[in-house]
Amino acid sequence: MLCSREPNPVALLAAGLGLLSLVLPWIALKPNRLLEGTGVGVWGLEPGLAVVLAAGWLALPWLRRVAYPLLLGLLTLGWAVLGGAVARDLLEGESGVARASLAAGFWLTLLALYSASVGTPPEARRWIPLTLPLALLMALLAGSFQPLAPVVEGAAYGEQLALEAWRHLAMAGGAVLQALLVGIPLGVLAARSARFGWVLSLSAFLQTIPSLALFGLLLPILAQLGQGVSLGLALGVITAGLLFSRLLWAVSPSLGLVVAFPAGLLALALGGTLLFNLLGPEPLRLALSQPLAAAGVRGIGAAPAVLALTLYALLPVVVSTYTGLRAVPEAVRDAGRGMGMSSRQLFWRVELPLASPLVLEGIRGALVLTIGITTVAALIGARGLGYFILQGVQSGADDMVLVGALPVIALALLADGLLRGIGLVLRRRLGLLA
């Protein structure tokens, strides 16, 4: 049955938003990128497309099964085509500096599409990852987004946009990698012993510190380290600190952590900078006799950004590891011990595999969170996609803000969808899903 006598309530709300958007201005025509524009609706320029879109919204709440995601994909395509068509109509005959900016109706339709995707009937949700990306791909191939102001601005900064996106991903990726190296062992310690419950409290506390405040705290410390400590000395301090903490751990775990903490922070600062240089566009420069600043550890730039992002990413990794290990049934552990497994074998062969779906959820949360927060790093000279947002705010150019914001949203959604899909596959392989 493709239709229902009872409407889908969430889709009904989405349809209301979609219909309301059609009576609002969709595109604002600006004389240039800085001046305010005049909003224009769709009925005077593209009435045929507007009627088709309205009919689709009216029909959506009554559909079920594959018909629902299929119509939702068509509505997504219609949203892009209609926005592009109105923009082209408005720009015809205008000067080259005129801009077709996005107005309330365009954004409200996007909200309606998101709401409709959330309200997809359970039996049809598997089609959403196919129909929506396919609709967007068709719109891109058709050039529907080309006349829109954010795309025009982005095209003008094509090479720089790609470079800043690379920097953005390098900072976020380096921070998450470090958070995994530190957060998973800490989560294991917290799950195995109540003495390490403070790990959860500490990682939660780090999340409460505002990003700009944390950047400000790290700036003078890293500036002093960069100028006063050589790379060789820093590596020696890190190695000695970790060795001493290992020896002291046998005497007192608390004493071992006291020694490991400053050495670990130094290792995170240096490691994050080196990871950024390895993953990003900047060349890696290493000289043992030169100050850390030569390797990139400075008060401004990527060093404080990656270190702060690492600390922010710890909470989801630590909590998911802790929760996943604590959720392993005791009967499963008893069965492993009954088979003669040692504690190490039990951890690697039983506990960690069963906890891995929840650990992956923590990685997903950490990556999405970090991609978003990395935007703020532009304020301390680390650039990234936040550079365009900062430039747009300073110059009063709204479309420039979107040049930075829209790719960040797209990257976060892509990372979320990819890791969510990997998580579903992993759960099925472990027999946790039908």
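Two strands are taken to pair if DSSP finds at least two bridges between them, and helices (H or I, at least four residues) and strands (E, at least two) are DSSP runs numbered from the N terminus. The model is predicted: local features need pLDDT of at least 70, side-chain atom pairs count only at pLDDT 80 or more, and totals for chains, interfaces and linings use all residues. Residues are numbered from 1 along each chain as its sequence is written, and side-chain values use heavy atoms, with hydrogens and water left out.

Strand S1 (residues 27-30) pairs with S2 in the antiparallel sense over 3 bridges. In this pairing Ala28 stands opposite Gly39 of S2. The two strands belong to an open sheet of 3 strands with antiparallel pairing and the order S2-S1-S3. Strand S2 (38-40) and strand S3 (99-102) are the edge strands, each pairing on one side only.

Pockets were identified on a 1 Å grid over the protein atoms alone, a pocket being an open set of points where a 1.4 Å probe fits, with protein on both sides within 12 Å along at least five of seven lines; lining residues have an atom within 4 Å of a point. A volume is the space filled by probe spheres set on the points, which are joined across faces, edges and corners.

The largest pocket holds about 2,100 Å³ of space. Its lining comprises 45 residues, and Leu136, Ile409, Ala410, Leu413 and Leu414 are the closest to its centre. At least two lining residues come from each of helix H3 (67-91), helix H4 (104-118), helix H5 (128-141), helix H6 (149-156) and helix H16 (398-429). H16 gives the most, with 15 residues. The lining of the largest pocket divides into 33 nonpolar, 8 polar and 4 charged residues (Ala, Val, Leu, Ile, Met, Phe, Trp, Tyr, Cys and Pro count as nonpolar, Asp, Glu, Lys and Arg as charged, and the others, Gly among them, as polar).

The second largest pocket has a volume of about 1,400 Å³. Of the 39 residues that line this pocket, Val182, Leu186, Ala260, Phe261 and Gly264 lie nearest its centre. Helices that give two or more residues to this lining include helix H7 (158-192), helix H8 (198-208) and helix H11 (253-279). H11 provides the largest share, 13 residues. By class, the lining of the second largest pocket has 32 nonpolar, 6 polar and 1 charged residues.

Ser203 lies in helix H8. Ser203 counts as buried because its relative accessibility is 4% (buried means under 20% relative accessible area, with a 1.4 Å probe and protein chains only). Leaving aside residues up to four places away in sequence, Ser203 touches Leu314, Leu315 and Val318 (contact means heavy atoms within 4.5 Å).

Key. Buried < 20%, exposed > 50% of the residue type's maximum accessible area, 1.4 Å probe, protein only.
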